[in-house]
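My notes follow the display.

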Amino acid sequence: QVQLAESGGTSVQAGASLRLSCAASGRAFSTYIMGWSRQAPGNEREFVAGISRNSGSTKYADSVKGRFTISRDNAKNTVYLQMDGLKPEDTAVYYCGADRTLSRGLASSQLDNYAYWGQGTQVTVSS
């Protein structure tokens with residue numbers, strides 16, 4: 001089992017950059033595919049980005065492609081989400097998740113594939 005704790009959320013102006021971090025406790029972080037999702041008020045949670053175990057493959061939602069970058073440091077048990085060119089529509093609670101399915105090699109956009117989620121961190125972007 002893995003516990004996840006997000007940090008780095010805050011309020012920023014449109015166009016700003018922000019980096020979210022997600023620290024994982026427990027063993028075998030490198031065996032998990034990691035991902036980020038977000039949920040805005042009144043909306044369903046949506047996939048944002050995912051990264052494979054060795055960082056060889058990443059996947060992004062169309063809405064963030066070219067602006068957000070997911071990365072991970074297996075030595076530090078941490079996954080990051082670099083967010084550039086933030087827009088008001090990026091306002092949401094951001095969650096990191098861990099996919100433990102060993103048979104899956106690539107990050108999935110299906111949120112049900114992520115067995116573990118953190119508590120989330122709020123990102124607010126004002127115009």
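Where does Asn77 lie? I found Asn77 in the loop between E7 and E8; strands (E) here are DSSP runs of at least two residues, numbered from the N terminus.

Ground rules before going further. I am working with a predicted model, where local features need pLDDT of at least 70, side-chain atom pairs count only at pLDDT 80 or more, and totals for chains, interfaces and linings use all residues. Residues are numbered from 1 along each chain as its sequence is written, and side-chain values use heavy atoms, with hydrogens and water left out.

**Positive phi**

I checked the backbone of Asn77 next: its phi is positive, about 55°, although Asn77 is not a glycine. Asn77 has a relative accessible area of 22%, so I put it down as partly exposed (buried is under 20%, exposed over 50%, partly exposed in between, with a 1.4 Å probe and protein chains only). Ser55 went on the list too, with phi near 65°. Ser55 sits in the loop between E5 and strand E6 (58-60), and is partly exposed at 35% relative accessibility.

**Disulfide**

I counted 1 disulfide in the structure, meaning a pair of cysteine sulfur atoms within 2.5 Å. Cys22 is joined to Cys96, S to S 1.8 Å. The two ends come from distant parts of the chain, Cys22 in strand E3 and Cys96 in strand E9, 74 residues apart. Cys22 is buried at 0% relative accessible area, and Cys96 is buried at 0% as well.

**Arg38**

Is Arg38 buried or exposed? Buried, with a relative accessible area of 5%. Arg38 belongs to strand E4 (residues 33-39). I looked for side-chain partners and got a polar contact of 2.9 Å to Asp90 and another of 3.5 Å to Ser63. A polar contact is a pair of N or O atoms within 3.5 Å; within protein, one must be able to donate a hydrogen and the other to accept it, and residues adjacent in sequence count only if both atoms are side-chain atoms.

Technical notes: Helix = DSSP H or I, 4+ residues; strand = E, 2+ residues; numbered from the N terminus.
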